[in-house]
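Trainee: I am new to this structure. Please take one part and go through it closely with me.

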Amino acid sequence: MSEQEQMRERSLEEEFTKRIAQDEKIEPKDWMPQRYRQMNIRQISQHAHSEIVGMLPEGNWITRAPSLLRKVTLLAKVQDEAGHGLYLYSAAETLGISRDEMYEQMLCGKAKYSSIFNYPTLTWADIGAIGWLVDGAAIVNQVSLTHTSYGPYARAMVRICKEESFHQRQGYQIMYKMANGTPEQKAMAQDALNRWWWPSLMMFGPRDAESTHTDQSMAWKIKIKSNDTLRQMFVDQAVPQADILGLRIPDPHLRYNPETAHYEFGAIDWEEFWQVVKGHGICNKQRLADKNKAWKEGEWVRKAAVAYAEKQAKKRVRKAG
Amino acid sequence: MRTSQQKKQMPYPQDDGPVGLIYGLADSSLILAQRLSELTGHGPSLEVDMGLTNIALDLFGQVRLYYQYAAELLADGRTEDDLAFLRTEREFRSVLLAEQPNTDFAYTLTRQFLYDHFHFLMLKELQRSKDNTLAGIATKGIKEVAYHKVYTSDWIERLGDGTEESHRRVQKAVLDLWPYTQELFYKTEADKKMIEQGIGVDFERLKAPYYKAVTTVLKQARLKVPEVAYFQKGGKEGVHTEHMGHLLATMQYMQRTYPGMEW
């Protein structure tokens, strides 16, 4: 880079920083530092992958849903997730990466998705717990992201949050029905809470002190609130909800601190967190294998669609000529 | 807790009234939608995944209306869910086509295509039923099914006139599933009685327009229209293929494992 170019780059960066400070949204055609671009691609595509892989654990119960109404509701929910995925991939594409490239990074295991989806859905209550806790945790994070600095991502979040809060209510309603059902149903609901509680807290990522991307991300307002802040918000919100259900959160250290007006909670098992993040959770391999299988088996379909479209385009050209 | 399902039933009751007619109209959609829903999250592309899920959602929605009406007519405490989740294999009046497995995308798509064209013609007739509820369900459903028909016909054309591989696969699916098409026009005792009363649909009359419509699409897609000497039937009399029991075992798992509970 010549001296002149460097100077220009510096002034652009100053301008960019000023805009961020004034809470202006950065749009696709605006100048942005390369690292800002990369960090957004990373975050948005991870988010998109989470929506797509997240379809699998819930999809596991579509064929076995206990009533026609529940079946339709779950089916629509999982379809919403595909829509969110598409929407987010499009947002990331505005940063100059193709959907196929991102998708393949996910398929080969290079790109991450939310670790929560590497846990199995064992009973119908898990569908309730996912809606209540996992979507609940996601919303806490996503509401803060409606203020993120990259325009297309912020706008995607606004839309996605609306649907997610609907999903969360559906999940909570499943839990409510079970918690107020037969003793067997209540036990099933409690068991689901026991298994999904801690992984839900882990969804917010490592403690602030150990989070590698946090500083720059927050300076550029890609991330708005820190992992620990968001985690606390979630706990404060979920505990009273569990009380209403009459279910017990599986944490002996959980207690309300009237001075801070927050719930204090026990230690998260970070070893488990890293095990799953690094690809060794109970379902990591299965999830990726399923997505790879669908992608590979669908290859001839996608090729056919492209070949057909090309033939049609040629026909139109011939007709026009 | 419901007690209705403890009600003892005849082993394989033949309902030749309006409820039998409704089973004949709705069961195929239920089984097809169940098959489609197996694929949610596993489609060849996100767009197709969403497209097939949409069809499944529409079909489940229609099924609920039919079953709610049947439950009303039965008036014995059974609900839409009892009809879906507590009838046995021999009581389902769905066509054999519906329960055929998702062998590959070509099969899934062809199965749906072959059903959609029948479904559309059937609903068109059902709109004229003397039974206002059924006519109403048909009027609501036909808008959705008109779209299903376009969606699957477009895909048949894409696959038939796409690549060599897609052509080969979809041609095989058409050949293998064709023998299940004639059952679509089969009339049970219930169907016959209900036709006499101006409530049911005379499926026989749909046969010629059906084969004309699907043949047109297949030819457009450069696909061979099968000529088969022998057709399969049985589903509409509750005699299914071996696939059906497994489909039901999955679908009815919760209701069978936890009898009488509400979710």
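How many salt bridges does the rule find across the interface of chain B and chain A?

Mentor: Two salt bridges are found across the interface of chain B and chain A. Keep in mind that this is a predicted model. One salt bridge joins the side chains of A:Arg99 and B:Glu47, at 2.8 Å from N to O. Polar contacts come next. The rule gives 14 residue pairs in polar contact across the interface of chain B and chain A, with both residues at pLDDT 80 or more.

Now look at the elements on the side of chain B that touches chain A. Those giving two or more residues are α1 (18–37), α2 (46–74), α3 (80–85), α5 (105–126), α6 (132–160), α7 (164–177), α10 (243–251) and α11 (253–257) of chain B. The largest share comes from α2(B), with eleven residues. By kind, this side of chain B has 21 nonpolar, 14 polar and 14 charged residues.

Next, the extent of the contact. Chain B puts in 49 residues and chain A puts in 47 residues. About 4,200 Å² is buried between chain B and chain A. Carbon and sulfur atoms give 70% of that area. Three residues stand out on the chain B side. B:Leu46, B:Met50 and B:Trp263 supply 18% of the area that chain B buries against chain A, more than any other three residues.

Step over to chain A. A:Asp100 belongs to helix α5 (residues 99–107) of chain A. Its relative accessible area is 43%, so A:Asp100 counts as partly exposed. A:Tyr89 is eleven residues from A:Asp100 in sequence, and the two C-alpha atoms are 9.4 Å apart in space.

Finish with another helix of chain A. Helix α10 (residues 227–245) of chain A has 19 residues. From first C-alpha to last, this helix reaches 27 Å, close to the 27 Å expected at 1.5 Å a residue. Its buried residues are A:Asn227, A:Leu230, A:Arg231, A:Phe234, A:Val235, A:Asp236, A:Ala238, A:Val239, A:Ala242 and A:Leu245. What covers these buried residues of α10(A) includes α6 (124–145), α7 (151–179), α8 (183–202), β2 (262–264) and α11 (270–280) of chain A. After α10(A) comes A:Gly246, with a positive phi near 75°.

Technical notes:
Residues are numbered from 1 along each chain as its sequence is written. Chains are lettered from A and ligands numbered from 1 in the order in which they are written. Side-chain values use heavy atoms; hydrogens and water are left out. Contact means heavy atoms within 4.5 Å. Buried area is the accessible area (1.4 Å probe) that two parts lose on being put together, summed over both. A salt bridge is a side-chain nitrogen of Lys or Arg within 4 Å of a carboxyl oxygen of Asp or Glu. A polar contact is a pair of N or O atoms within 3.5 Å; within protein, one must be able to donate a hydrogen and the other to accept it, and residues adjacent in sequence count only if both atoms are side-chain atoms. Helices (H or I, at least four residues) and strands (E, at least two) are DSSP runs, numbered from the N terminus. Ala, Val, Leu, Ile, Met, Phe, Trp, Tyr, Cys and Pro count as nonpolar, Asp, Glu, Lys and Arg as charged, and the others, Gly among them, as polar. The expected span of a helix is 1.5 Å times one less than its number of residues. Buried means under 20% relative accessible area, exposed over 50%, partly exposed in between (1.4 Å probe, protein chains only).
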